[in-house]
Amino acid sequence: MTSVVTAKGLSKRYRSQPALDGASFTIGPGRIVGLIGPNGAGKTTALKAILGLTTFDGHLEVLGLDPRKDRNTLMEQVCFIADVAVLPRWLKVADAVDFVANTHPRFDRAKCEAFLARTKLQPKQKVRQLSKGMIVQLHLALVMSIDAKLLVLDEPTLGLDILYRKQFYQSLLEDYFDEEKTILVTTHQVEEIEHILTDLMFIRDGRIVLDADMDTIGERFSEVLVGPELANAARQLNPLDERQVFGKSIFLFDNVSRSELERLGEVRRPSIGDLFVATMKGTYA
Amino acid sequence: MKTFFWLVKREFWEHKGGFVTAPLVAGAIGFLLNAMLIAFGEGHYAGANFHTNFSAAYDSADLAKAGVVVDGLLYGVTLMILIVTAIVVFFYCLGSLYDDRRDRSVLFWKSLPLSDTTTVLSKLASAVIFAPAIAVVVGVVVGLALTIMFVGVASLHGLSAWPLLMQAHPFKVTLNLILLIPLYALWALPTAGWLMLCSAFARSKPFLWAIALPVGTGVLVSWWGLMIGDSGFSRWFWPNVVGRMLGGLIPAGWVNSTSRVVHSSDIDLALHQGDPAAALDQIGLAFHYSAVTNPSLYVGVLAGAAMIAGAIWFRRWRDDS
């Protein structure tokens, strides 16, 4: 199967600050990929490069096209929600649907109207009258009605309450995602997307520091709860991270055999959040 | 083509207030002021010869003159409304490629398969063709309403309405006004192009860029002229560069660049001979379009096209949202 996104040595500098520093990765079809990184790690720049919104050095192919040159063709197959509340404030709900229906060749109007019927949005309402959560509902209804191959989401749920956040990802999974589609999402609310991701990428200082599917991550990384008497033995095995809880130590290991770890204590699968914190240690120092 | 139509429609959704409401309000005010003027004249002078722009028309001896007043009314009202639209369009151009970058909604538009070229051209067309066209339509409608009111009042003064209307040329005037829109667009192109270029280019305060750059350059040129004691270049520079970059939206700004088939002395002469109809005919379509032969017009068009191309480039690559 050909990949949806292929990036090799992606680099981009803003003034003297590198935003991307030779990032390489591949995203296959039918995946839900989380691109996770601390602030300023280059997430948004990477997405902008994929969307053809910025210049960059290196090789990048999206659906077989160069986003710098073929952006107009590319955007028929790629959708994105850049952030909450980027819909123009003067736009009416009905006009938004009309506009996309008449300018996007892959938009399904009936589908969009069905999505909107499940919300409290009124056709005559203007975006300025909507709450942040409702704006996202509108944006999501528009985007989910477009039969695109790649959907890019940059912090799509920032500033939303938990009801809207849950509903957002639930709609995506139930009404949108299938094996033909690929979703690339960045967010800081890692816990919320943990269970829907198929792949995980960590980005730090413009480089991809971890790129694996969720099964591999489950096999590779383990968290062990170790009593004080075995703590030193655990430290011998080069843990990624160690933290203290109730007089016991929690160690995070990368690629240490399970049988070996089970002798030290109770082995669990680490959460992405803990993995992230361990990987990004010292980022802001 | 369909995309272009919807892009223009989008501009009118966003700028309905400026493009439609403003000329309507200006037209309503124009109508009201004229009605007040007539009422004032009727009340104070009881139908005697009072001096308004209608006074010439109350002379039943000269229906032709009365007809010219009606024609002049149509031109005058439309001109007034076009000036309002010109002001609106000036600020529209400045914001056209900047406002959506500032509120980041450009990211929504850019998530749709719309080319930057089509987007910029749709905004340009809204500015120099569709907005002026609306002003002309509103102007003609208000002008005709005024004509009806005026003819009604004139008939009270013993003029018969129909012969008077026959002396006026509302259809010819309307057609002239519509046919002048392309010339207006060409003449306005350098200004629209410059303002849109600033709008696409500026990271902040496009207004400052748009004004400061040409005016600052003009001041430098004038200063240099003073230093070398020859202000010839400066006298050319201000109207032909600064003026064209900032003032191209002023309606009929091209009249000084017409090839002067008509001399203003001819118009004066016709007016002195008591033949305003001839005077009005002198400044017909042929007069206006003679500006096309003037380098000032087509050099301006070329410069405007280049600046639009620049605006498209910046629209594509400006990455600050």
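## Between the domains of chain A

Across the interface of domain 1 and domain 2 of chain A, the rule finds 0 salt bridges, while 2 residue pairs are in polar contact, both residues at pLDDT 80 or more. Strand β8 (residues 199-204) of chain A gives the most to the side of domain 1 that touches domain 2, with 3 residues. By class, that side of domain 1 has 6 nonpolar, 1 polar and 2 charged residues. The model described here is predicted.

Domain 1 of chain A covers residues 5-205 and domain 2 covers 217-279; their centres, taken over C-alpha atoms, are 35 Å apart. In this pairing, 9 residues of domain 1 contact 8 residues of domain 2. The two domains bury about 710 Å² between them, with 81% of it on carbon and sulfur atoms. On the domain 1 side, Glu194(A), Leu200(A) and Phe202(A) lose the most area, together 63% of what that side buries.

## Between chain A and chain B

Contact between the chains involves 32 residues of chain A and 22 residues of chain B. The area buried between them is about 2,700 Å², of which carbon and sulfur atoms give 64%. Trp90(A), Phe99(A) and Asn102(A) supply 26% of the area that chain A buries against chain B, more than any other three residues.

## Polar and charged pairs between the chains

The count between chain A and chain B is 1 salt bridge, in which the side chains of Lys48(A) and Asp319(B) meet at 2.8 Å, N to O. The rule also finds 9 residue pairs in polar contact across this interface, both residues at pLDDT 80 or more. Helix α3(A) provides the largest share of the side of chain A that touches chain B, 6 residues.

Conventions. Residues numbered from 1 in each chain as written. Chains lettered and ligands numbered in written order. Predicted model: local features only at pLDDT ≥ 70, side-chain atom pairs only at ≥ 80, totals over all residues. Heavy atoms only, no water. Contact = heavy atoms within 4.5 Å. Buried area = accessible area lost by both parts, 1.4 Å probe. Salt bridge = Lys/Arg side-chain N within 4 Å of Asp/Glu carboxyl O. Polar contact = N/O pair within 3.5 Å; in protein donor to acceptor, adjacent residues only side chain to side chain. Helix = DSSP H or I, 4+ residues; strand = E, 2+ residues; numbered from the N terminus. Domains from an automatic or database assignment. Nonpolar A, V, L, I, M, F, W, Y, C, P; charged D, E, K, R; others polar.
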